Amino acid sequence: MTQVTDSRTLIVPDGLAGERLDAALSRLFGMSRTKAAELIESGGVRVDGAPAAKSARVAAGVLLDVELPAPKAEVTVVPQTVEGLRIVHDDDEIVVVDKPVGVAAHPSPGWTGPTVIGHLAGAGFRVATSGAAERQGIVHRLDVGTSGLMVVAKTEYSYSVLKRAFKERTVDKIYHALVQGHPDPFTGTVDAPIDRHPQHDYKFGVVAGGKPSVTHYETLEAFRFGTLLEVTLETGRTHQIRVHMAAIGHPCCGDLTYGADPVLAQRLGLERQWLHAMRLGFVHPGSGEYVEYTSIYPDDLQHSLDVLAAG
């Protein structure tokens, strides 16, 4: 249950009449529209005593009862050495890392495990300070259960350039995914909006009105019980590949959260989704030249692929 620290009642001013409820809250409290929508969906907002949808239009003079949640617990970067984390490239502007499974991009409330930022701090790297202190230099993230390549900005300039590149979708993000079954067609595109799952807060789903999300896939090799895909992302939504593959009936092997077969996962020795960030390409913020970095499969993914290939 959300801990409430501040309950407020406000009258909607004339200047906000006709605005969507989430937009009105955003302006009244100085919070992001996304945060306002989450607050409404959690039941923390009532209009004249009744719940309302985030898209509802507000009228001047109505009463808004708003329960603001407690501020998030402060998180700090703990310098540490993360076993298996490899520095792929390092220069004055960026550092590219090959992240092992079980490692988060940065600290967050509730996460006490290793982080990329913690490893870089422990190794003496200085990274950009834009954004929250615990997210210094982070311009994109990989799930804890996904391995592979990440780039971290080391200067303010490279941070702004890379953030813009990811936002404008000019970064090449290539993943390999081992999925159950055989997608038809063998090469295709999944264009379906993604948002938080309406019934389960811990996962995401294809939801009408969600954020636009586009995933391209191509078959590399088909096996009896699964298919190895090369996946290219146009967008970078949380759990995007996992959600889209599950939506077309072919979840990543081992991805029990999104409907993978636990029997097959056990047979393949998988304790996480078979998903790896293989290649990362972008215009270098310092030189202005296109650069590309590659990674090989970690041992657990290679082992499961060998088992599937054998039979």
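How do the residues of the lining of the second largest pocket divide into nonpolar, polar and charged?

**View 1. The second largest pocket of the predicted model.** The lining of this pocket divides into 5 nonpolar, 4 polar and 5 charged residues, where Ala, Val, Leu, Ile, Met, Phe, Trp, Tyr, Cys and Pro count as nonpolar, Asp, Glu, Lys and Arg as charged, and the others, Gly among them, as polar. The second largest pocket has a volume of about 170 Å³, and of its 14 lining residues the closest to its centre are Gly84, Asp98, Ser295, Ile296 and Pro298. A pocket is an open set of points on a 1 Å grid over the protein atoms alone, where a 1.4 Å probe fits, with protein on both sides within 12 Å along at least five of seven lines, and lining residues have an atom within 4 Å of a point. The volume is the space filled by probe spheres set on the points, which are joined across faces, edges and corners. Because the model is predicted, local features need pLDDT of at least 70 and side-chain atom pairs pLDDT 80 or more, whereas totals for chains, interfaces and linings use all residues. Residues are numbered from 1 along each chain as its sequence is written, and side-chain values use heavy atoms, with hydrogens and water left out.

**View 2. Helix α1 and the glycine that follows.** Helix α1 (residues 21-29) is largely enclosed by the rest of the structure, because 7 of its 9 residues are buried, namely Leu21, Asp22, Ala23, Ala24, Leu25, Ser26 and Phe29. Buried means under 20% relative accessible area, exposed over 50%, and partly exposed in between, with a 1.4 Å probe and protein chains only; helices (H or I, at least four residues) and strands (E, at least two) are DSSP runs, numbered from the N terminus. Glycine 30, which follows α1, has a positive phi, near 70 degrees.

**View 3. Two aromatic pairs.** The structure holds 2 aromatic pairs, defined by ring centres within 6.5 Å for Phe, Tyr and Trp (its six-membered ring), with planes under 30 degrees apart counted as stacked, over 60 as edge-to-face and the rest as tilted. The rings of tryptophan 274 and tyrosine 297 form an edge-to-face pair, with centres 5.0 Å apart and planes at 75 degrees, and both residues are buried. The rings of phenylalanine 282 and tyrosine 293 form a tilted pair, with centres 6.0 Å apart and planes at 40 degrees; phenylalanine 282 lies in strand β14 and tyrosine 293 in strand β15, 11 residues apart.
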